[in-house]
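Please look over the arrangement of helices in the structure shown below, and read the report alongside it.

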Amino acid sequence: MSSMILTVARRDLLLARRRRVEALLPLGFFVVAAGLFPIGVGPEPQTLRQIAPGVVWVCALLAAMLSVTQMFASDHQDGSLEQMLLSPQPLLLLVLGKVLAHWLASGLPLVLAAPLIGLLFGMHAPAIATLTATLLLGTPILSLLGAVGAALTLGLRSGAALVFLLVLPLTVPALIFGTGAVVAVDSGLSAQAHFSLLGALLILNGLGAPLAAAAALRISLD
Amino acid sequence: MTLSLTTYAAPSRFYAAAGAWVPWCWAVAALFGAAGLYTGFAIAPTDFQQGDAYRIIFIHVPAAWMSMWLYLVMAFWAAIGWMLNARMSAMLARAVAPTGAMFTFIALWTGALWGKPTWGTWWVWDARLTSEFILLLLYGGYIALTEAIDDPRRAANAGALLALVGVVNVPIIYFSVRWWNTLHQGSSINLGAAPKMAATMLTAMLLMTVCFWAYSFAVVFTRARAVVLEQESDTDWVKALARPEGTQ
């Protein structure tokens, strides 16, 4: 079972490595978008420190949605996705493998870049650590929910824009608990509850979203 | 003729029956709307704290109820359409969505109109306002997705899946937003602590709710009939409808 997930993930990662620049585009978007905020809002350190968790999280949401349509698109174009659907392996494992690859290729770089953005916004070290940890828990949620959106909009003309509208409202809880943890740490409180809820969200989405994405793939390729 | 639950699952029968029901729904809506507005604006006493501005709740509260109910109704029919492969249910779900979105918008808009004189601001990021706003986005997503897909079957099933995902997430979103709200700012406005309502106010609100339900039925049936005609345009009975009377 896990070998199937790993095979799919390894294949997608290999494909991503062949197109390195394309794979790093979400990261580029993340850095550019977050970097524009100080210029737009003004260089006041106090303000920047206050808006930093929200800015980093929202930019991560947008960056994840930007890349998520690619999860199934190229396989759909060359027809290999239909072959995968015909295979006797459960579709659920295919989706899990693709989600894993998407997270490793575009979620993890965001997590790694977050401390850097935090420094640019003048955040304190404990807040930066918390922010990175929340993103580590939160970005897989984005990949999971994004998979549902990507599967629903497969092959549509306006698919890339639709994913934003479909998936972003569903990511609100992750955004709330992710930024809430940083705010809590910043004001000297424990972020334990936020982490627990973020973890619970991850588990819920880990169980539900692959099923929904698999059903959506069946609908889209019916 | 025996009537069963599935009688109106055939689009042609639904089309005929809904056409007969629509005028009655409009009549009920007009009757209860007139009664509700009269009770709300002429009989109900002026609130000693909020003055006459509070009267917008006779539109606002029923609209907010409808916005949530219609999402459930939409998801229900979409799910039935998906699981049982019932075309009529899917068409009905699609017909509900714009009305639900409209009531969500009315609830937000009238809330803003009420908030300005009462709270002194058009908008606060209160838990209810925020979750109602997200509900509007969910309606928007459903409508956009079903409109973007050309194949009616795929549109219906994809919409059904999205609506179900939305239904599962609405409570999570609501509670997370509520918690976020209490975390970020002390709740300056407590909707729950409103003074007990006078009986006439409650009557007016219930009358308006019946009016909105009847209106929803009328509009949804009308829109569903249009969707039926559109999606069944290559069937004989629709072509027969299009032919002028008496010709073959």
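## Helices α2 and α3 of chain A

In chain A, α2(A) and α3(A) pack at an angle of about 150°, with their axes 9 Å apart (axes are lines fitted to C-alpha atoms, for helices over the stretch in contact, and angles run from 0 to 180 degrees between N-to-C directions; helices, H or I of at least four residues, are DSSP runs numbered from the N terminus). That angle makes α2(A) roughly antiparallel to α3(A), a term used for angles over 145 degrees, while those under 35 count as roughly parallel, 65 to 115 as roughly perpendicular and the rest as oblique. The crossing of this pair is right-handed, meaning that the near helix is turned clockwise from the far one by less than a right angle, anticlockwise being left-handed.

The contact draws on residues of α2(A) including A:P26, A:F30, A:A34 and A:F37, and on residues of α3(A) including A:I51, A:V55, A:C59 and A:L66 (two residues are in contact if their C-beta atoms, placed from the backbone, lie within 7 Å). By class, 18 of the residues are nonpolar, 2 are polar and none is charged; here Ala, Val, Leu, Ile, Met, Phe, Trp, Tyr, Cys and Pro count as nonpolar, Asp, Glu, Lys and Arg as charged, and the others, Gly among them, as polar.

## Basis of the model

This is a predicted model, in which local features need pLDDT of at least 70 and side-chain atom pairs count only at pLDDT 80 or more, whereas totals for chains, interfaces and linings use all residues. Residues are numbered from 1 along each chain as its sequence is written, and chains are lettered from A, and ligands numbered from 1, in the order in which they are written.

## The kink in α3

A kink of about 50° lies at A:I51 in α3(A), shortly before the proline A:P53, the bend being the angle between axes fitted to the seven residues ending there and the seven starting there. The 24 residues of α3(A), residues 45-68, should span 34 Å at 1.5 Å a residue, and the end C-alpha atoms are 33 Å apart, which agrees (the expected span is 1.5 Å times one less than the number of residues).

## Helices α2 and α6 of chain A

Helix α2(A), residues 20-41, also packs with α6(A), residues 91-120, at an angle of about 30° and with the axes 9 Å apart, so that α2(A) is roughly parallel to α6(A). The crossing is right-handed, and among the residues in contact are A:P26, A:F30 and A:A34 of α2(A) and A:P109, A:L110 and A:I117 of α6(A). This contact has 11 nonpolar residues, 1 polar residue and no charged residues.

## The contact between chains

Between the chains, 22 residues of chain B are in contact with 20 residues of chain A. On the chain B side, α4 (127-148) and α5 (152-184) each supply at least two residues, with the largest share, 13 residues, coming from α5(B). The residues on this side divide into 16 nonpolar, 5 polar and 1 charged.
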